[in-house]
Each structure stands twice: as C-alpha cells, then as structure tokens.
Protein chains: 2
Amino acid sequence: MSTDLAPTIDLDALRDRVDTVLAEFLRHPPAGIPSQRDRTGELTHALTDFVLAPGKRIRPLLCILGWHAAGGGDGEESLWQMAASLEVFHAFALIHDDIIDNSPTRRGRPSAHRAFAARHRAGPDADAFGVHAAILLGDLALVCSDALMNAAGLSTRQRQTVLPLLDAMRGEVLLGQHLDLLATGRPTGDVDEAMSIARLKTAKYTIERPLHLGVTLVGAHRDLLALCSAYALPLGEAFQLRDDLLGVFGDPSLTGKPVLDDLRSGKATVLMALATRRATPEQRRTLETLVGRADLGEEDAARVRRILQHTGARDAVESLITERYGRALAALDSDLLAPPIAAALRQIAARAAIRTA
Amino acid sequence: MSTDLAPTIDLDALRDRVDTVLAEFLRHPPAGIPSQRDRTGELTHALTDFVLAPGKRIRPLLCILGWHAAGGGDGEESLWQMAASLEVFHAFALIHDDIIDNSPTRRGRPSAHRAFAARHRAGPDADAFGVHAAILLGDLALVCSDALMNAAGLSTRQRQTVLPLLDAMRGEVLLGQHLDLLATGRPTGDVDEAMSIARLKTAKYTIERPLHLGVTLVGAHRDLLALCSAYALPLGEAFQLRDDLLGVFGDPSLTGKPVLDDLRSGKATVLMALATRRATPEQRRTLETLVGRADLGEEDAARVRRILQHTGARDAVESLITERYGRALAALDSDLLAPPIAAALRQIAARAAIRTA
C-alpha cells in the first residue's frame, strides 16, 4: 500500500484532479488534434462541454483506487493520464450511445447530436447534421483518449500488461453495445441475455476493467485482481440494474435523462425481461403493444410501470441489486486492502447501487 | 537504404503481405476484442468483409516505402503491424464517412450501414438499425487499429516519436471531415476552403502522414521528411481532385461508388467551387437549385455536368491535377531516395493522380 495515503481518501479531491488533467488536455491538445483555436473550434468546444460536465467519474476513480490498492508508488503521472483517458473514452461511448438510443438529453443537457442540431437549426436537415457531427465528436473523443494514453509515458512492461486490458475493455463494451442493439425493440423474457449485456456493458467496462487497469499499472497481483473482480462484477450488475430502474422509475430532474426513453426504445433490461416472464397473457400483450413504441406517451408509460410493479419485477430487481451490493461489499473484507481503500470502494459501491441519479 | 531491397519493389507483393497481417489479426483478434466466434460474430464478420475487400492499400504501402526510404533495418515486425493498423483506421474513417455522406455503396458493394440494414430488413426500422450498427462497426475498426499498434512492440523511442504523428493524423482527418460536413450542402465559390479540406482529409492523412510514420519508425531524418512532404502534399491534393472528378464524371462500374452522391449531398469540392465562381448568373442559379438535392435525377445531373464542363471547371481541375502531379514527381529527383523507392513512389503517384477508380 502507498505510504503517503491519507487515512481516508477524499474521492471528490481525486475527481477534481482528474478534471484538472482533462481540462488541461482539452485546452492544449497535442499537435494535430483539433483545438479550440482551430478555424471553427466547434468540435473541441463541444467535447470540452461534454467531458467537463458534472459526472460521477466512476471509471477514473476506480482506476486510481486500483493503483493505490496495488501499492501505488512510481508512475503516478501515468496514472492520472490513464484515469483521464478512461473518462474521455467514456465520453466517446456516451456520445455514440445517445445517437443509437436517440436520447434527447444527457446529464441534464441536450445530448451531443441534439446540441449540434440546435446550433445548426437554420441549415438544411439540421437533425441529420446533428447526428453526423456527433458521430465525428465521438470519434474525436476516442482519438483523444488514445492521445492521453500515448502521452502517459508507460514503460515497456506497463505497455505489455496494461494496453491489452485496455483493448479488451474497449472491445467488450462495443460487443455489449452491439448485443444491446440487437436485443432492443421488443420485450422478451430473456433474463440471461439482458444480464449478459449488463456484464459486458457495465460490470466489466465500468467497474472491473478500470480497477484492473490501476492495479496492473503497478504490477501483476493475481490475488488482488481476483479480489477486484469479486467486488466489481456483482457491483457492476447492481449498477446496471439500478440504471434500468432509474430509466423507467427515475426522476428526470435528478437523472438528467428523460424517463420514457428506455420504454420507447424497448431496451432489453432485466427488469423488462422479468416482467415479461411473470406477466399474465393480458399484461404481456400490453407490454408487447406498448414497449418499443417511439410515440409512447405518459399515460401508456404509467400502464407499463404498473405492470412492472404488479408482476413484482420492480421488487425483484431491487432484491437482485441488494444481493449483489452485499456480495460486492463482502469481497472487500480482506487483508489485501488497506482500510482507507476498502472504505473508498464501499463509498463508490453505495453511489453505484443506491443512487438516485 | 535497406540492403535487402530488391532492385524493383513489387507493390502488389507488399499489399498481399499487409492483407495477410490483416486477415490473421481479424481471424484471431486479441482477448476481449469481438471475434467471429462470439455469440453473434456479426460485427467481426462485417469488419473482415470490409477491411479485406479489394482496395488500393495506399496508406500501408506509403508507410512501408517510408520505412525503406529511411533505411529500414530493425523493427520490421512493428512496420507490418503499423501498416495494417493504418488500413484498419482507414476502414473506420470510410465506414463513418459513408454514414455521414449517406453513400449506398463502397468498393462496389453495399456500404456498411446499408449492408446491416439489408440483413435486418425484417426488423423494425431497419435503416436506423443499419446506421447504428455501422457506427459501432466503425468504432470497432478504430479500436482494432489501436490494438494492432499496441501489439506492434514499439520501443520507447519509437513510441515517443511515432505515436504523436499518429495522433496528429487522426486529429487532422477528423477536423477535415468536420469542415467537410460544415461546407456540404450548397455550392459556394470558396476554392480555398475546398482545397484546405482536401489538404486535411487527403493530402496529410492519405499521403504525408503514412510516409512520415514509416520514416519515423526508423528514426528522425529531417531532410527525408521534408522530401516526403514535398512529394506528398501536392500528390494528396491531386488525389482528392481526381476523386472529385470521379465523383461526378466517373464510371460507377469502375469506382464502385454511385456517380450522383457528391452532387446530391452538395459536396464542397474544388471542382464545384471553380464552376460556381466561373458560372454565369443563370448557370449559378441552376447549380444552386440542383446541387445538394437529395432527389437529384440523372437528367439534372447531366445539366450540372454540362455546367462543370462549359465553365471550364472540369478542365481547370485536370490542369491542377497535372501541375500537382508534376510537382510530386519532381520532388522524387533526389539523392536521398534509392532508385527502386523513387520508382515505387512514382508508381503510387500515377495510381493516385491518373486512376479511373
């Protein structure tokens, strides 16, 4: 364990430092990367707005905690670059995901494609322009996340161990998105499929890989990696299950996301799969008629919510979250983790599983 | 100069070897990257089809020639990985570009988004599905191009000199695409803008950066880099100008691209800018009415072509190509280049400037 670790870890201070690295990078990107001083500056301005909007920064935080858990030490500069890189990669994933989900808002603001469309409303076909500019914006985010990693000054040993994990993380989340896309549209009772998408898109991508990346930056600690997985995978499932509940029952003023999107797109969530499986024939017909309708209104959404409630699906998902949250916390009871790190990971677990936004 | 260089360089043999590296990577991608053996395998199959479709492979070839020009030697394994990485990056750029340009075909086959849409025609909103899957496919290509570079075994020195060039290349092409997107829609007489987009999107991205990357893999050769630029920048402009001509006057059976796309999208080419500038008021009104219309038919396209011809814009572009082609060739008359390499670069110049596809 790092000796300069304070008795408690101030997650907000870590987050602020990540934001400082991000802001600095975006203000002075490396040569060739579009900058705010370019002729239009539009892409970089949009990326800066998106990346620096308030967020949980959960991936950078986990990466930093993994590094501390493994003993920290040398290479702290690389750590901050990598933490920032994970956040910019996440911006990429969100920007493209919002296009695919046709989400109008993100973090309480217009999503990237909507913001571009609004700015070019006077032009021809502003909506298509918005989508196209947002595709490029997401691409730029991915390129920037590489540029941050490329400047991280990794040693040869670190390159050989860290970069394959990073590639795997990226591949997994794309596969998860693709499976998600294939499954979206119509409610089915396929709980396993919904759970396996949650594992790829969230459990591995959001929790396990960032922790592993931080650990691996220091060195290979097989037991610690296993401990991280034992914490990360149930927590990541809990995180996604909470997301699914918030996507239907959440308060848009807190989540920053409209509460009809998941129902309108017919997202293949565990919540919906459980409800479909438990529904009476009549309830099932209602779900099949309403879920996945792009023009679903508030009244019909209320009907769907009642079915999710009456079938017990909502409660069942709460139970799944509680069970997984418990398993994640139990994994932290280990001599391998210094108490301040375990405490910080508990804090993150609470934010992920119990949050309202 | 590399001593094991044959008296003449067989570009087709180099291309075949690049394809072998690409095929091997796609058959056995690193852990975590979607593979053909995944549950759906759909993304990787589509990427394999796209990447291995016949193409010029001009960027890998230039990278390899740059490496030879700088003396080659050690690190040949890295060279092939990097050459392949450039091609996969290009697949990324094309896949997203085809979405943005709404291009139905590429390399004589349906473009990625159209192919996905066709495969899912039975599902709801197949066209949107196709676009969304193709966004993910492009993303996967970009991630794969990173994975190829990450496995290239670069030394610390190489990482420090090569990766910033790679980041710059990526940033430049995205900025070029963005400017292109902003300029597309309505014909203007802005020749400078069209030319500066061509520089970013093509001259630097397609010719200069790949050559520089190959050179830099071996070491910093300031004079050689300058020579490469003197060859690359005019040639790249010629390449784009040829593309613009083929986009309007080309034979779709040779180019693999429909000949109405550029006119329908209102692409801001030097060709169109020159025509707009030289047009009579009546011709200009015709251009403004027709160019950029999504439903432009063959008859109206013929009217536009006649204007491009009668204003002399077409001939002017041919002259620009000839002038730039000549400058590119002149740059090769240097003691810095071994004769076989100069010969290969001349061959590539001819393919770029004089091609019909």
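Buried area is the accessible area that two parts lose on being put together, summed over both. I kept that in mind while going through this predicted model.

**Entry 1: the two domains of chain A**

I looked up the division of chain A and found domain 1 (9-153) and domain 2 (155-357). Their centres, taken over C-alpha atoms, are 22 Å apart. I then checked what they share: 40 residues of domain 1 of chain A are in contact with 42 residues of domain 2 of chain A. About 3,200 Å² is buried between these domains, and carbon and sulfur atoms give 68% of that area. On the domain 1 side, Arg59(A), Leu62(A) and Phe89(A) lose the most area to domain 2, together 17% of what that side buries.

I counted four salt bridges across this domain interface. I also noted the salt bridge between Asp146(A) and Arg170(A), with the closest N and O atoms 2.9 Å apart.

**Entry 2: chain A against chain B**

Next I turned to the two chains. I found 45 residues of chain A in contact with 45 residues of chain B. The chains bury about 4,200 Å² between them, 66% of it on carbon and sulfur atoms.

Two salt bridges link chain A and chain B. I looked up Asp146(A) again: its side chain meets that of Arg170(B) in a salt bridge, at 2.8 Å from N to O.

Which helix gives the most to the side of chain A that touches chain B? I found that H7(A) does, with 15 residues. By class, I recorded 24 nonpolar, 11 polar and 10 charged residues on that side of chain A.

Key. Residues are numbered from 1 along each chain as its sequence is written. Chains are lettered from A and ligands numbered from 1 in the order in which they are written. This is a predicted model: local features need pLDDT of at least 70, side-chain atom pairs count only at pLDDT 80 or more; totals for chains, interfaces and linings use all residues. Side-chain values use heavy atoms; hydrogens and water are left out. Contact means heavy atoms within 4.5 Å. Buried area is the accessible area (1.4 Å probe) that two parts lose on being put together, summed over both. Helices (H or I, at least four residues) and strands (E, at least two) are DSSP runs, numbered from the N terminus. Ala, Val, Leu, Ile, Met, Phe, Trp, Tyr, Cys and Pro count as nonpolar, Asp, Glu, Lys and Arg as charged, and the others, Gly among them, as polar. Domain bounds come from an automatic or database domain assignment.
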